[in-house]
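Here is a briefing on one protein model. Look at the structure first, then read the points below.

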Amino acid sequence: MNITALTIRHDLEQRYSAREAAGLARIICCELLEQDTVDYYLGKDIILSSKQADELGDIMRRLHNFEPIQYVQGVARFLGREFKVAPGVLIPRPETEELVELMLKEIPADARILDIGTGSGCIAVSLSKELPGAKVTAWDVSEKALGMARENNAALQADVRFVLRDVLDCRPSPEECYDVIVSNPPYVLEREKLEMERNVLDWEPSLALFVPDADPLLFYRRIAELGRTLLVSGGRLYFEINRAFGEETATMLRGQGYINLRILKDISGNDRIVIAER
């Protein structure tokens, strides 16, 4: 019997659901304490060294404080790759994987791509790796996020150009020109905080998550304005959106002169991606 795994699970059930606690116990044993996965499922116990025992104590303390397991591990998986993450940098989501997978089916292999609000760099680096002929640029307003994105770019041997830039207060040069602009900007309303888990609210960066209730399309509207200058004729915008604002986002884009609007649903059936053409 894996006494260590059972102890971890029971301890975490003080803070998490039984299902979450079981999942965290497996990650701790197999990925952080490096137990063989087969041994774990066969119920073999772990003989912890004194160093591992200390590490486990630190892991449990952090999880009891609702720190996301990705921050505890220091990595998050995105489209089969590991990206470094830490507090202050948004953890990549499966919905964003869907966005990138769609782009890889649609955009030219040699496209000039701009990723606005790059965070960990998961979108930009993934596009650069999968489309080595593309020229990928990524903006973010956070120095911390850009530092992490640059680390991921180097570790994964991608070729992304990173720029510190606030999309709400920037004047790009006339020479800047792109075939594609992609963004997963802040889109969670302030009032939605009441429905969110502590591991998001207490740990992930508010700067990358929230928009004012009174202006949910703040970033989309500004990026669309920039796109009218930065995108070539026929160039596309790819947005990840708040599921409640698909039609509103499309209406705003039509009002700015964009055409061929599409609203696509994610794997859960929610409006999640909006695509528009200049």
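A crossing of two helices is left-handed if the near helix is turned anticlockwise from the far one by less than a right angle, and right-handed if it is turned clockwise. Keep that in mind for helices α1 and α4: α1 passes α4 in a right-handed crossing. The model is predicted.

**How α1 and α4 meet**
- The axes of α1 and α4 come within 11 Å and cross at roughly 25°.
- Angles under 35 degrees count as roughly parallel, so α1 is roughly parallel to α4.
- On the α1 side, Thr 4, Ile 8, Asp 11 and Leu 12 make the contact.
- On the α4 side, the contact residues are Leu 56, Met 60, Leu 63 and His 64.

**The buried side of α1**
- Helix α1 spans residues 3–12, and its buried residues are Thr 4, Ala 5, Ile 8 and Leu 12.
- These residues cover an arc of only 100° around the axis, so they lie on the same side of α1.
- An α-helix has 3.6 residues a turn, so residues three or four places apart point the same way.
- The cover over the buried residues of α1 includes α2 (18–32), α3 (37–42) and α4 (50–64).

**Strand β9 and its partners**
- Strand β9 (residues 231–240) pairs with strand β6 (residues 178–183) in the parallel sense, over five bridges.
- Val 180 has Arg 236 of β9 as its bridge partner.
- Strand β11 (residues 271–277) pairs with β9 in the antiparallel sense, over five bridges.
- Here Leu 237 stands opposite Ala 276 of β11.

Terms used: Residues are numbered from 1 along each chain as its sequence is written. This is a predicted model: local features need pLDDT of at least 70, side-chain atom pairs count only at pLDDT 80 or more; totals for chains, interfaces and linings use all residues. Side-chain values use heavy atoms; hydrogens and water are left out. Buried means under 20% relative accessible area, exposed over 50%, partly exposed in between (1.4 Å probe, protein chains only). Helices (H or I, at least four residues) and strands (E, at least two) are DSSP runs, numbered from the N terminus. The arc is that of the directions from the helix axis to the C-beta atoms. Contact means heavy atoms within 4.5 Å. Two strands pair if DSSP finds at least two bridges between them. Axes are lines fitted to C-alpha atoms, for helices over the stretch in contact, and angles run from 0 to 180 degrees between N-to-C directions. Angles under 35 degrees count as roughly parallel, over 145 as roughly antiparallel, 65 to 115 as roughly perpendicular and the rest as oblique.
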